[in-house]
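The following note sets out points for a colleague reading the model alongside its sequence.

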Amino acid sequence: MVMELESKLKKYQQKLISCLRDEQFDDGSWNYPCENGPITDAYMIIVLTALNYQEEPFITMLANRILSTQLPNGAWKLYEDEEEGNLSATIEAYTALLFSEKRTKNHKEMKLAENFILKQGGVKAAHVSTKFMLALNGLYPWPTFFPIPLTTILLPKIFPSSFENMTSYVKVHFASVLVAAKKRFAIKNSGLPSITHLILEDKVKRRLSKQLEGSPYHKTNFLQRKALQRAENYILDRIEGDGTLGSYVTATVYMIYSLLAFGYDATSPLIKHAINGIKKSATEIDKEMHIQNASSTIWDTALITYALQEAGVPASDSIIRNAAEFLLKQQQQNNESNTAKGAWSFSHNNSSHPDIDDTQVALRAIQPFTFYSKDHLQAWNKGLTWLLSMQNKDGGWSSFDKNKGKHLIANLPIPNIKDTAIDPSTADLTGRTLQFLGKYVKMNDEHPRVSNAVKWLLKNQEESGAWYGRWGVCYIYGTWAAVTGLRSVGVLNTHVAIKRAEEWLISVQNTDGGWGESCKSDVERTFVGLPISTLPQTAWALDALISINDEPSVEINRGITFLLDHVDEVSYPTGGGLPGTFYINYHSYNTIWPLLAVSHYLDKYGRPSGR
């Protein structure tokens, strides 16, 4: 490596380390914004207004945030290159502004939004989750037929279509959805604004009017009453200490309406506690208030701790020690099935929905401390045992659950149902777990578990040479995870799958030397490039290429130069949530991933042996 470049990279590396050191909290964690679209801000305004909670200053802050993200054409987008705007996001933001009373439908911005909504087909063309939220507030009629009956919650696991066979993430949302849908619940608040002017179909307006005139809820039979009781117990058992349901704002909002449907008063302790829990999810972005759907505290802290150690920061450093202690305190000791003992979740306030990705990265972060005490070693072994136990029969790893990649409900004509109701093995989870097992557990492709995972990855490589990543955007993310995972367990860089992946990564490199991929990729299910490069995606591509090449290639050096020249690049949502509907802009990513890529570059091509 040229000494001048090595010097620049080390200065760059130290700058990022210093930044992370300055931004660590006293408890050892990092708490960066986990930013999503306007849905959570809008939902909070709607809930507070519908329930007559006197939260004027808070509502004003959220409304100001929504207004600041409106486009000149009146719409709202989920990502910068989304064409014109997003219909559902615009309807939710528009409705929230009406509820807030910061804007009336006669304001110029609202007229522009109205025109956009009508041009796109009105409320009928919105996502089902948007129409569900509107129905809960008496703004849109409940469908005449709901495709998932409440009684599915009573079916045992032997029935493929049972509630129990859904993923843990979707169950914590669907329990409330099924209750509200069964009762066809709608808020009765005469002071709420109407959005009938956004409904184009006269028959839909008539149906709404009929529902509002009288209760659409029909009497229940014995099985339905039993199902309602099961659903209520399920919900109550999963309320976190801060009042949220499963730590997710969207699930908590749905829970509030389901509790109202059960007969709880709007001022009951449970609902008050839930409202306060949502408020605790607020974060400040550019001096404005934003409601995060879930905090990324554990995810960010584990990733940062791992990246710092990869950058050469020793475990004896207080920044690592404090972070490790924080993570050890977040390790779950129990859950509903008693099988998640030793796992980690995404958010610090999530005690019952651990996941594979957070567990494998937390294990990376605390691994050096296994030599310090028996307690640390025991914690690490518990986490490793859980991680290995979660491998699917097909050889891969899923996000939250084991062997839940197939479900009859996934065939229902509901948008995104396949992205929520089932939890199949994915390239990003499988690759990341393999990379951990290869580096930290010293397992290779001769081990049966590893061999099966390698086979799954090789079988699921796309014709292009890329892999699809579920929780990052999108093919660059999946390819990075798969390649680094395969290389970590001993798959040679001459293997045809690795060469194909390398050729694909090089083929999608931008002219500026970096890499960029649009959120459209996970909608189109094919790579859609961004004309501008992003720091995280560039770092992922670089890290994959570094793992392949024994010497820095021209493409690698161009990517490294891009990182050095674009330290303060504008963020783009590179976190996946729900294809076409929900994306995450992790404010930590512009630091974490470049630090990791540069550190691996220095390790392999420039740093003297030993640290």
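**Notes on the predicted model**

1. Glutamine 360 is buried, since its relative accessible area is 0%, under the 20% cut-off for that class. The model is a predicted one. Glutamine 360 belongs to helix H14, which spans residues 356-366. Its side chain makes a polar contact of 2.8 Å with the side chain of aspartate 357. Leaving aside neighbours within four places in sequence, glutamine 360 is in contact with Leu387, Arg432, Thr433 and Phe436.

2. For glutamine 360 and serine 100, which are 260 residues apart along the chain, the C-alpha separation is 42 Å.

3. Alanine 539 is part of helix H22 (residues 535-548). What is its accessibility class, buried or exposed? Alanine 539 counts as buried because its relative accessibility is 1%, and buried means under 20%. Not counting residues up to four places away in sequence, alanine 539 touches Trp593, Pro594 and Ala597.

4. Helix H2 (residues 39-50) and helix H4 (residues 87-100) have axes that come within 8 Å and cross at roughly 35°. The crossing of H2 and H4 is left-handed. On the H2 side, the contact is made by Ile39, Ala42, Tyr43, Ile45, Ile46, Thr49 and Ala50. These meet Glu92, Ala93, Thr95, Ala96, Phe99 and Ser100 in H4. By residue class, the contact of H2 with H4 comprises 9 nonpolar, 3 polar and 1 charged.

5. Tyr43, one of the H2 residues in that contact, is also touched by serine 129. Serine 129 lies in helix H6, residues 128-136. Not counting residues up to four places away in sequence, serine 129 touches Tyr43 and Tyr254. The side chains of serine 129 and histidine 127 are joined by a polar contact of 2.9 Å. Serine 129 has a relative accessible area of 18% and is therefore buried, the limit for this class being under 20%.

6. An open sheet is formed by 3 strands in the order S1-S7-S6, with antiparallel pairing. Its edge strands are S1 (34-35) and S6 (575-578), each of which pairs on one side only. Strand S7 covers residues 582-586 and is joined to S1 by 2 bridges, the two strands running antiparallel. Within this pairing, glutamate 35 has asparagine 585 in S7 as its bridge partner.

7. On the other pairing of the sheet, 3 bridges join S6 to S7, and these strands also run antiparallel. Glycine 576 has tyrosine 583 in S7 as its bridge partner. The hairpin of S6 and S7 has 3 residues between the strands, and glycine 580 in this hairpin takes a positive phi near 80°.

8. Most residues other than glycine have a negative phi, and most peptide bonds are trans. The peptide bond from valine 473 to cysteine 474 is cis, with omega near -10°. Cysteine 474 is located in the loop between helix H18 (448-459) and helix H19 (475-488).

9. Lysine 442 has a positive phi near 60°, in a residue other than glycine. Lysine 442 lies in the loop that connects helix H17 (427-440) and H18. Its relative accessibility of 66% is why lysine 442 counts as exposed, that class being over 50%.

10. A positive phi is likewise found at arginine 525, where the value is near 55°. Arginine 525 is in the loop between helix H21 (521-524) and strand S5 (529-534).

Note on methods
Residues are numbered from 1 along each chain as its sequence is written. This is a predicted model: local features need pLDDT of at least 70, side-chain atom pairs count only at pLDDT 80 or more; totals for chains, interfaces and linings use all residues. Side-chain values use heavy atoms; hydrogens and water are left out. Axes are lines fitted to C-alpha atoms, for helices over the stretch in contact, and angles run from 0 to 180 degrees between N-to-C directions. Helices (H or I, at least four residues) and strands (E, at least two) are DSSP runs, numbered from the N terminus. A crossing is left-handed if the near helix is turned anticlockwise from the far one by less than a right angle, and right-handed if clockwise. Contact means heavy atoms within 4.5 Å. Ala, Val, Leu, Ile, Met, Phe, Trp, Tyr, Cys and Pro count as nonpolar, Asp, Glu, Lys and Arg as charged, and the others, Gly among them, as polar. Two strands pair if DSSP finds at least two bridges between them. Buried means under 20% relative accessible area, exposed over 50%, partly exposed in between (1.4 Å probe, protein chains only). A polar contact is a pair of N or O atoms within 3.5 Å; within protein, one must be able to donate a hydrogen and the other to accept it, and residues adjacent in sequence count only if both atoms are side-chain atoms.
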